[in-house]
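Hi,

Here is the structure I promised to pass on to you. Have a look at it first, and then read my notes below.

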Amino acid sequence: MQAFFDFYRGKKVFVTGHTGFKGSWLAFWLTLLGADVTGFSLEPPSDPSLFEALNLASRVNHAHGDVRDRDSLRAAMRRSGAEVVFHLAAQALVLPAYRSPLETVEVNVLGSVNVMEAVRETESVTALVCVTSDKCYENREQVWGYRECDPLGGHDPYSASKGAMEILCSSWARSFFGPEGRVAFATARAGNVIGGGDFGADRIVPDFIRAVLADKPLTVRNPGAVRPWQFVLEPLSGYLWLAALLSRDPARYGGAWNFAPRDNTCPVRELADLMVRAGGTGSWRDASGGSAAKHEAGLLRLCSDKALAFLGWRSVLDIERTARMTMRGYEPFLRGRTEECRGLCAEQIAEYTRCAEELDVAWATGRELR
């Protein structure tokens, strides 16, 4: 297998937040690539959870812990002998951040500093990728996509925490992880990720699945909001490729990177219609206009031209296939046959890799970059 230069075979990889939706997909993909994975996370944030459906506790070295606990985090990272670290642990939702803003800042900001400090104190680590969010930008509702050089900001507590995280990552990179240092360091910005196994609260696709299970229409609070939707494997392929390249040339591949779809930006209402068609079930209703609604961006686009130009990375799936693969990923949960999740996820990773190969995407073909 040429994917990622076969970089991960036998590699010791440490993943924070591996019990979450994206973290579970990443940890599982890493095991298929032959990596020795250690995960550090709280218990799964939902019931059901993809982590449990994949039986990942038996496939990775599972360490229970909170990134706010610096000593436990450092000890777990040192025990793992990690060479590559992916930091995904976060309070990752906009609306819960309004209810618990202090916790959101503690987890997303101070927790990230703890990860960076643990990396500094773990001699085996050579590459670190911190995952933030497309919400880290100062959102001006502009019609073009935000680029890595655009101002950071945040109207709501979640967005502000991600902007602050990026500022601190940049500071640590320049202060402690220079291009000639031991650790190659980058941040990755992506958002509006969908796929089977996500059961997070106040998220459009999990809410749709819960509505289907309850035989009720999905309540859509902001159907006109425009987002760059992408299947979960899209940004994960970017994270994996970025870490592999970081290890080759820290100076060239360090810094911030956007991973977003080129053509999948559309309103929530369009995504809801696509899910109904793709799954052959469910419905939705417009519940906009509520006076108690919290601020959420009406328009958000992200530009991945930098990743295309320098990483040879691009998104693979159009919005229709994204919806179909997402709904297919929920079938084991809808049928009550979660034991089928492992085979299905492996099948979807293989399908996605084939699609990337057909498009000659560098990470899938092992093609050398110029």
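Helices α5 and α6 are roughly parallel to each other, because angles under 35 degrees count as that. This is a predicted model, in which local features need pLDDT of at least 70 and side-chain atom pairs pLDDT 80 or more, while totals for chains, interfaces and linings use all residues. Residues are numbered from 1 along each chain as its sequence is written, and side-chain values use heavy atoms, leaving out hydrogens and water.

Helix α5 covers residues 101-120 and helix α6 covers residues 157-175; helices here are DSSP runs (H or I, at least four residues), and strands are E runs of at least two. Their angle is about 20°, and their axes (lines fitted to C-alpha atoms over the stretch in contact) lie 9 Å apart.

Where do α5 and α6 meet? On α5, the residues include Val-105, Val-109 and Met-116, and on α6 they include Met-165, Leu-168 and Trp-172, with contact meaning heavy atoms within 4.5 Å. The contact residues divide into 12 nonpolar, four polar and three charged (Ala, Val, Leu, Ile, Met, Phe, Trp, Tyr, Cys and Pro are nonpolar, Asp, Glu, Lys and Arg charged, and the others, Gly among them, polar).

Helix α6 also turns up in the lining of the second largest pocket, giving the largest share, six residues. Others that each supply at least two residues are β6 (184-189), α9 (250-253) and β11 (255-258). By type, the lining has 13 nonpolar, five polar and three charged residues.

Enjoy exploring!

Terms used. Axes are lines fitted to C-alpha atoms, for helices over the stretch in contact, and angles run from 0 to 180 degrees between N-to-C directions. Angles under 35 degrees count as roughly parallel, over 145 as roughly antiparallel, 65 to 115 as roughly perpendicular and the rest as oblique.
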